[in-house]
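Reader: I have a protein to look at and some terms to learn. Please take me through them one at a time.

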Amino acid sequence: MIVADKKPIEEIIETVKPYDRILVLGCNECVTVCEAGGKKEVEVLASALRMHFIQQGSKKNFDERTLERQCDHEYLEEIRDIMDNYDAVLSLACGVGVQFMAEKYHTTPLIPGVNTCFLGATEKRGLWTERCQACGSCVLAHTAGICPISRCAKRVMNGPCGGSTGGKCEINKDVDCAWQLIIDRLRDLDRMDEYEIVTPIKDWSTERAGGPRTVAREDVQV
Amino acid sequence: MSMNTPSKLEKVFKSGHIAVTSECGPPRGSDPEAVTSKGAMIKDHVDAVNITDNQTAMTRMSSLAACIHLKQMGLEPILQMVTRDRNRVALQSDILGAASFDINNVLCLSGDHQSFGDCAQGQNVHDLDSMQLVQTVRHMRDEGKFLGGDDIKRPPNMFVGAAANPFADPFEIRVPRLAKKIACGAEFIQTQCIYNIAKFEEWMRRVRERGLHEKVFIMAGMTPMKSAPMAKFMKNRVPGMDVPDEIIDRLAGVEKKKQAQEGIDICVEHIQRLKEVEGIAGFHVMAIEWEEKVPEIVERSGLYPRPEV
């Protein structure tokens, strides 16, 4: 899933200041799972903002709404009839949802309420970690199911580098060395001989380097 | 003797001599004197000199420019190139630039992560990794072609090196990793600083077991300790460094003003011991900001005078 983190409340207060009628808009997908932008977070944030501006003696209205998805035209249409009531939307969706909103409601100012961080998973409640950088050309078949692009700080394709110590990365003792994990799993799979296969120079054109990407599937288009 | 390149370092190895290299870190400024004065200190005691490439990710004068300064004063530079800061366009371009000055040696590295340096908020590139950079230089030299496939007019003619850290984890892949670098085309290897002699000798035993010492020239990396606190810092703070307590204890056991000399003595003893190890083709003496001590270390280790080749 897409993992996001809450923006600091001070930053949000600054960005909503020019507006009086604000819709705080959550999303029921990834940002709900990572507890950054779901219905619950919408409630908490809207309450905090109300309280802050009441204390400041400023009259602002914060309404709450959470859509099934903000990255989907169908669900974004559900709020069309109420959009005239607002000066701005504070969206707690990921960057995709915020941009989809912007495209759909062209004249409504939009404020992101979260920082979109990475593609990752929930390790445990309150801890999410990165697993994928969407390079567009998956190498996991050759790296024992562990991604050196997203999990190695130098995205070394033939690792580990000389900074791997005690299974940890040179940048931070809390970060696992991806290549230690790869080697441990190759050993468990009894495939250590594959370690010596040199990974050739990667074609990064399917990654960000190639410019904004599109997946077009004629077989499923209607 | 079959030479692949005009490199003096290659010639020293292939003439059967134990090679000696050292290292100069370019300055954090544009004064050429900062490079040439270091070069002058070690000129007669080494066969070639590495010029580091923004080591520890601190912004410095470029390795290539510093190499040119040393080349012009008659030294044999080894251009260090890290994959952290340049993509394949820039790397190939700088290889050609170096070749245009007849810089005949290159050492391919991934580089310390930028979070260690003065631009921690910067991007890193890592379009290629260090092994792929070795492949790139060999491809440009041997095939006379760019990675994109076009012909190179006057291809670079460089002797290609890589680094090996016998002490990083996991230990079991340290020799397979060397084999991989050789498969990519590495012709010489400079190791991480060696302090744990027993572990290094075990690594070399495994290297010989696979016959890798016959496929690549291995240079043992030696860095003299200036003091007990430096030894502790290297042990605890420098990634991938293995400093046994006995080294720290030995330095701490002498009075403060004599610790530097003790560090030199340890370094000389280690070189003398490792000279006897089969498969060691040379020594890479990295006296960090202490270049003036290189002549003493080389002379006392019985590696002086350097051969005329």
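Author: On one side of helix α5 of chain A, Gln99(A) and Glu103(A) are exposed, where exposed means over 50% relative accessible area, buried means under 20%, and partly exposed is in between (1.4 Å probe, protein chains only). The model is predicted: local features need pLDDT of at least 70, side-chain atom pairs count only at pLDDT 80 or more, and totals for chains, interfaces and linings use all residues. Residues are numbered from 1 along each chain as its sequence is written, chains are lettered from A and ligands numbered from 1 in the order in which they are written, and side-chain values use heavy atoms, with hydrogens and water left out.

Reader: Which residues of α5 of chain A are buried?

Author: They are Gly97(A), Val98(A), Met101(A) and Lys104(A), in a helix that covers residues 95-104. Helices here are DSSP runs of H or I with at least four residues, strands are runs of E with at least two, and both are numbered from the N terminus.

Reader: Why are these buried residues said to line one face of the helix?

Author: Seen down the axis of α5(A), the buried residues fall within an arc of 130 degrees, so they line one face. The arc is taken from the directions from the helix axis to the C-beta atoms. An α-helix has 3.6 residues a turn, so residues three or four places apart point the same way.

Reader: What do the buried residues of α5(A) pack against?

Author: They pack against β2 (21-27), α4 (73-76), β4 (88-91) and β5 (110-112) of chain A.

Reader: Why is Asn104(B) called buried?

Author: Its relative accessibility is 10%, and the limit for buried is under 20%, so Asn104(B) counts as buried. Asn104(B) sits in the loop between α4 (88-100) and β4 (105-109) of chain B. Beyond four places in sequence, its contacts (heavy atoms within 4.5 Å) include Pro6(B), Lys71(B) and Phe159(B).

Reader: How do you know that His126(B) is buried?

Author: The relative accessible area of His126(B) is 2%, so the residue is buried. His126(B) lies in the loop between β4 and α5 (130-143) of chain B. Its phi is near 45 degrees, a positive value in a residue other than glycine.

Reader: What makes Asn54(B) buried?

Author: Asn54(B) has a relative accessible area of 15%, so this residue is buried too. Asn54(B) is in the loop between β2 (48-51) and α3 (63-72) of chain B.
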